[in-house]
Amino acid sequence: MGSNMWKKAKFALGLNLCVSLPKTRDDEDKPWSAVERTSDVSTATDAASTKTCAICLGNMKAGHGAIFTAECSHAFHFSCIASNVKYGNHVCPVCRAKWKEIPFPDPISSEFPHGRTRVNPINWVQDDGTVTLLRRLPRVDSSNRRHHLSCLFSQSEPNIYDDDDPVVFLAEASKDSETTSDRTVHIKAYPEFPSLAKTASEESFTILIHLKAPSAVARPGSFGSLNTGLPALQPSRAPVDLVTVLDISGSMAGTKLALLKRAMGFVIQNLGPADRLSVIAFSSTARRLFPLRRMSESGRQNALQAVNSLVSSGGTNIAEGLRKGAKVIEERKEKNSVCSVILFSDGQDTYTMSSTGSGVNRTIPDYQSLVPPSIRGGADHQIPVHAFGFGADHDSNSMHTISDISGGTFSFIEADSVIQDAFAQCIGGLLSVVVQELQVVVECMHAGVKLAPIRSGSYASQVVDGLKGSISVGDLYADEERDFLVSLSVPPVSTEEEILLVEVGCCYRDPLSKEIVSLVGQQVSVERPESVAGGSMSIEVDRERNRVRATEAMNEARSAADRGGLSEAVLVLESERRMIRESLAGRSGDRLCVSLDAELKEMQQRMQSRQRYEESGRAYVLSGLSSHSWQRATARGDSTDSTSLVHAYQTPSMVDMLQRSQTLLSSPSSPRRPRPPILPSKSFPSHPVPR
C-alpha cells in the first residue's frame, strides 16, 4: 500500500497537484505538527531550482530550507510565508487568491489525532526541510462529490441576470493627430499584373485587398494602475465582457478538470480591472457561478475560488450552458465595448441534439439548435463563441458549427499540455481589439469594369449591379491582417494609356473613442500599352490565391473523408500541395506557402486510417478550416509551439500571451516536451433521456 501511495505522490509531482497520504505505522511516534521529507521522493524539479520567493526575493533551492506551495500553485520559503500568515495575511502575496488552507507556525497536533494529512509533493527536499501541517482536508468520496454538485446546481438564481458590476469609466482617448494616425487601419491593393495590352479583354482580372489593423497601445491585460478608486482609468485597449461556458461533466474528472482550472486561473490573472468575467458551468444542467464581475483584486479572488470549487459529474448539455451564457449577455445592465464567449467541452451534447432526414438519407444532426438565437450570426449584434474541443471524444462538428455561425473560431486541444496555451492565444487576441464593425467597400471607377462575386471566406459579402461591393469584416485584433481577392472583368480600350479600375475604402468604429472612422479608399489602376511582353504576376496575389485554394481543398477533402473516401481526400490534398510548390510564391520560399504545405501534409497523415481520422483528423481539419476561413489563429496540433510551421495569423499580442503561459508551464532550463494526447472517454455511461 505504501509503495502505491508514493507512486501517486510522484505522479502528482508532474501535475502540480496535492495528494493526501495516510498515516503509517512508522509515523505513530512522530508529532502531527511536522512530517519529515522522505528520501524516497525524487529531488525538486528544475523549475523549482530557478524559483524566487516573492516575499524575501531569495532563491528557493532544493536542500536550502522547506518550500511551501500554496493551493494557487505559487511557492515561497516556508519560514517567510509562515511569518506572513502570523500577521493575519491569508491571501497569496502574488495572485491575491484567498487561501482555504494556511501553514501553521506552531504545533497543532491536537487537530490531527487520526486520519489523513495533506502534504505538498512539489519541491520536496531530501535533507533539512520540514513542513508544518495544513488544515486537515475532509475525505472526498463519490457521495460528497455528488452532494457538492447537487448543491452547486440547486442554489437559487435570479430570474433576470441584471446584477452585473458597473463598467469602469475610461478616460477619453487622446484625439491628437499623431495618436489618431497610429490607430488607423492601413489599406493596400495589389493588381494581379501592372499592365494589360490595350486590345486585351480580361474576364477575371484579380485584385488583392490587404488590410492591417493598428498596433496595440500597450500589452494585453494592462490598464495601468489597479487602483479602482481613481475617477477613471487611462485606456490602453478596449475592456472586455467575457463569459466562459465550461464543461464539468463526468468525463472531465481528474487531470482534465485540474488542467481546466489551471487554464482558467491564467485567464483570470491576465484580465484587467476594467474587464468583466462571468463563469457558467454545465453538465446535465447549467449554472451561473457568478455574475459579470470586474476583475479587480476582490473580483479575481472570487473568480479563482469559484473555479477551484468545480467538481465533475453528470452528462453533457452544451445547449443549456450556451443558453445561460447568452442570458448573461442579453440581460446585463451595462456593456463593455468588446464581448465574447469561450466554450470548452470534451464531449457530445446528449440532451438537445435533433436530426433531420429519414430512410435512406443520412441523418444530419441539427447543430444550430445548440446555439441561442441571440448569439447567432443573424442577430443584430453578433457575439462570437470561441469553441475549444478537448481530447478525442468531443464532437468537432458541433463545436465547429457553433463557432462558425456565431463568428468565432474553433480550436482543437489534442494534448493536455496545450489547454492553457490555447486559452492564452485566444485571450491574447480578445484583449487587443482595436477595430470594430469594419466594413470594406469596393467601387468600380471605369465604365466598362464590372465586379464579380467576392470570395471572402466566412465573411459576408455582396455585390450590387456589378459596380459596388462590400465585405463585413467585423472586429480586428491589434496588428491583425485580412486579405481578400476581388475579380473584375476589364474591357479593351482604344486610346487610354492608363485606366482606373476600382477604389477601395473602409469604415469602422474605434472601440476606445467610440467614433466612426471612414477612410478614403486607395485607387487601383493599370497601364494599357499597345503590347505587353512577359509581365510578372504579383507575388502577393499569388500567395493569397494559394491560401484560398488550399482552404477549398481542405473542405473538399473533409467532405470526401466524411463520406468514407479517405484515399480520395488524401489525393485532393496532395494535388493542392503540388500546386502550391509549383506556384510563384511557393518557388520563392514564401512563409505562408511553407506553412500551408506543412498543414496539408499533417492532414494527409491524419487521414491514413478511419480510426485516426475519427479520433483527431476531422477535428484538426475543421480547426484549420476555421482558422483560414476567418483568417484568425486557432490551436490545433502543435500550432501554439514556437517551433511549429503551422501557426498562421498569430498576432504579437497572441505571441506575448503565449510566452507568458509557456513561461509558467516550463522552466527556462528544461525544454517543454509535449505530453501524450488525452485518451477518449465518454461523458456519460449511458444516453440520458432528453428533457
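Residues are numbered from 1 along each chain as its sequence is written. Because the model is predicted, local features need pLDDT of at least 70 and side-chain atom pairs count only at pLDDT 80 or more, while totals for chains, interfaces and linings use all residues; side-chain values use heavy atoms, with hydrogens and water left out.

**Whole chain**

Start with the chain coloured by secondary structure: it comes to 16 helices and 23 strands. These are DSSP runs (helices H or I, at least four residues; strands E, at least two), numbered from the N terminus. Of the 691 residues, 52% are buried, where buried means under 20% relative accessible area, exposed over 50% and partly exposed in between (1.4 Å probe, protein chains only). Among contacts (heavy atoms within 4.5 Å) with a separation of 6 or more, 74% are between residues 24 or more positions apart.

**The six-stranded sheet**

Select β9, β10, β11, β12, β15 and β16. They form an open sheet with mixed pairing, in the order β11-β10-β9-β12-β15-β16. Two strands pair if DSSP finds at least two bridges between them. At the edges stand β11 (286-294) and β16 (410-413); each has a single partner strand, so one side of each lacks a neighbour in the sheet. From one strand to the next the twist averages 15 degrees.

Then select α9, residues 396-406, which lies across β12, β15 and β16 and runs at about 170 degrees to β15.

**The nonpolar cores**

Show side chains next. A nonpolar core is a set of buried Ala, Val, Leu, Ile, Met, Phe, Trp, Tyr and Cys residues joined through side-chain atoms within 4.5 Å. The largest one has 66 residues, and L260, L277, F344 and F423 touch the most other members. Helix α6 (residues 255-270) gives the most to this core, with eight residues.

Centre the view on F423. Leaving aside residues up to four places away in sequence, F423 touches L260, A263, M264, V267, I342, F344 and F388. Another core, of 54 residues, lies apart from the largest one; F282, I318, A319 and V572 are among its members.

**Aromatic pairs**

Rings of Phe, Tyr and Trp (its six-membered ring) pair if their centres lie within 6.5 Å; planes under 30 degrees apart count as stacked, over 60 as edge-to-face and the rest as tilted. By this rule there are five aromatic pairs. For F344 and F423, the ring centres are 5.9 Å apart and the planes stand at 80 degrees, so this pair is edge-to-face. F344 belongs to strand β12 (residues 338-345) and F423 to helix α10 (residues 419-430), so the pair ties together parts 79 residues apart in sequence. F344 is buried at 0% relative accessibility, and F423 is buried with a relative accessible area of 0%.

Move to Y459 and W630. This pair is edge-to-face, with 5.0 Å centre to centre and 90 degrees between the planes. Y459 sits in the loop between β18 (450-451) and β19 (461-464), and W630 in helix α15 (residues 610-630), 171 residues apart. Both Y459 and W630 are buried.

**Charges over Y161**

Select Y161. R288 lies over the face of this ring, at 4.2 Å from the ring centre, and K327 also lies over the face of Y161, at 5.0 Å. A charge sits over a ring if NZ of Lys or CZ of Arg is within 6 Å of the ring centre and within 35 degrees of the ring normal.

**Strands around β17 and β20**

Finish with β17 (residues 433-444) and β20 (residues 468-477), which run antiparallel and are joined by eight bridges. Here L438 has G474 as its bridge partner in β20. β17 also pairs with β22 (residues 498-509), in the antiparallel sense over seven bridges; V440 has C506 as its partner in β22.

On β20, look also for β19: the two form a hairpin with three residues between them, and D465 in the turn has a positive phi of about 60 degrees.

How values were computed:
Axes fitted to C-alpha atoms, helices over the stretch in contact; angles between N-to-C directions.
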